[in-house]
Amino acid sequence: MATATAPSHSIAFAPRIQDLLARTEKVFRIDPAKVGVADSRLMAEIVAARPVLSTERSVYKPAAGADIPHDSATRTIRALGQDATAGVRRPPPPARAMAGPWPYAGTSYLRRWLFSADPLPVSLLSKRGVTRSDTLSRLVDRAVTVWPGSADRDGRTALAGLIRDAGDPLERKQAIAMYRRAAATLCDGVAALTGNALWLLGPERDRPESRPDLTAVLWETLRLLPPAWMLYRNGGAAYTELHPEIRPEDDVALFPLLMHRHPDYWPDPLEFRPERWDGVADPEKAPGFMPFGFDGARCWAKHLVVPLAERMLSVALEHRLAVHTPQPQAEVPLRSLLSVRFEARIGA
């Protein structure tokens with residue numbers, strides 16, 4: 001079943017996502033041991049009920065058999081911010097590299113833009129072809145573990161510097177894991193957001209005179225197709241007093257995707273309307289909007305995602321990257337990142 005979100009385009013979600021979208025209630029049981037939540041107030045209460053566990057994190061989950069120390073996580077965030085800022089100041093790679101199947105072409109393009117200047121074997125940590133193979137990943141990790149580094153920091157990302165400057169074997173192994181996770185999470189998320197925006201823009205992307213503000217396009221894309229469409233919390237007593245449906249043994253799934261499309265929070269919720277963000281000083285304070293989490297549990301890369309996606313989307317539109325598909329419909333598979341699949345070509 002397709003869900004219309006733009007005048008000339010439609011989206012076919014994976015069946016399990018489509019089943020969720022058919023729900024009208026804001027709190028519901030998914031299965032005997034899991035409760036789904038799409039209520040803004042209850043989501044905020046659940047997030048605030050207890051700190052997020054290390055096993056519930058994506059980037060900062062345990063690595064090399066140990067938890068990631070807080071100071072190490074902070075250094076990684078700062079390093080990634082430096083690398084993203086420096087990367088987008090450089091000229092972008094040739095736009096033809098964006099052509100191909102999305103979101104994968106977008107992910108590869110952004111990894112090349114931000115991390116390809118690192119010396120071998122470190123640069124291989126961010127290569128999609130490597131990260132998709134467990135065997136290759138292990139080989140690259142071993143090579144980086146014994147990488148001698150260089151006293152010369154020019155041409156090296158700040159993330160690579162954390163590997164080079166690690167003080168002991170465990171810290172080095174964790175820095176390698178953090179490089180791979182941070183690079184992949186950022187690039188995958190930005191590529192998903194950019195690709196989703198390209199699809200939702202539809203024919204407007206080919207008419208600069210009528211194209212809406214790109215920042216507003218991205219906020220509206222985050223509403224309709226938030227890449228981080230679900231947050232997961234392991235069950236426990238912390239949630240049982242928040243809602244009668246939640247039992248101590250129940251895990252909890254929070255669904256920004258459902259909340260962002262609920263008519264209680266949004267007029268014309270299924271329509272792609274970037275103009276709804278005109279004059280909104282702080283989109284993240286909009287009721288029923290959770291693109292990067294709530295206070296106390298914000299996405300660690302939230303300050304990077306929208307600027308990077310806007311830069312990438314600008315390059316794509318400048319070089320007339322066009323969706324090339326025989327059908328005006330894109331599929332959204334059941335993945336951790338919500339991203340449409342389509343073929344793109346330059347100058348179409």
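These legends accompany close-up views of a predicted model. Local features need pLDDT of at least 70 and side-chain atom pairs count only at pLDDT 80 or more, while totals for chains, interfaces and linings use all residues. Residues are numbered from 1 along each chain as its sequence is written, and side-chain values use heavy atoms, with hydrogens and water left out.

**View A. Helix H2 and its buried residues.** H2 spans residues 40–49. Helices (H or I, at least four residues) and strands (E, at least two) are DSSP runs, numbered from the N terminus. Ser40, Leu42, Met43, Ile46 and Val47 are the buried residues of H2. Buried means under 20% relative accessible area, exposed over 50%, and partly exposed in between (1.4 Å probe, protein chains only). Contact here means heavy atoms within 4.5 Å. At the N-terminal end, Asp39 caps H2: a side-chain oxygen lies 3.2 Å from the backbone nitrogen of Arg41.

**View B. The packing of H3 and H4.** Helix H3 (residues 70–89) and helix H4 (residues 104–115) pack at about 95 degrees, with axes 8 Å apart. H3 is therefore roughly perpendicular to H4. Axes are lines fitted to C-alpha atoms, for helices over the stretch in contact, and angles run from 0 to 180 degrees between N-to-C directions. Under 35 degrees counts as roughly parallel, over 145 as roughly antiparallel, 65 to 115 as roughly perpendicular and the rest as oblique. H3 contributes Leu80, Asp83, Ala84, Gly87 and Val88; H4 contributes Trp113, Leu114 and Phe115. These contact residues divide into 6 nonpolar, 1 polar and 1 charged. Ala, Val, Leu, Ile, Met, Phe, Trp, Tyr, Cys and Pro count as nonpolar, Asp, Glu, Lys and Arg as charged, and the others, Gly among them, as polar.

**View C. The surroundings of Arg335.** Arg335 sits in the loop between strand E9 (329–332) and strand E10 (342–346). Arg335 is partly exposed, at 28% relative accessible area. Beyond four places in sequence, Arg335 touches Tyr104, Trp229 and Arg341. The side chains of Arg335 and Ser339 form a polar contact of 3.1 Å. A polar contact is a pair of N or O atoms within 3.5 Å; within protein, one must be able to donate a hydrogen and the other to accept it, and residues adjacent in sequence count only if both atoms are side-chain atoms. Pro227 is 108 residues away along the chain, yet its C-alpha atom is 9.6 Å from that of Arg335.

View D. Thr194 belongs to helix H8 (residues 169–201). Its relative accessibility is 0%, so Thr194 counts as buried. Pro103 lies in the loop between strand E5 (100–102) and H4.

**View E. Positive phi at Ala64 and Asp268.** Most residues other than glycine have a negative phi. Ala64 has a positive phi of about 55 degrees. Ala64 lies in the loop between H2 and H3 and is partly exposed at 46%. Phi of Asp268 is near 45 degrees. Asp268 lies in the loop between H10 and helix H11 (302–318) and is partly exposed at 40%.
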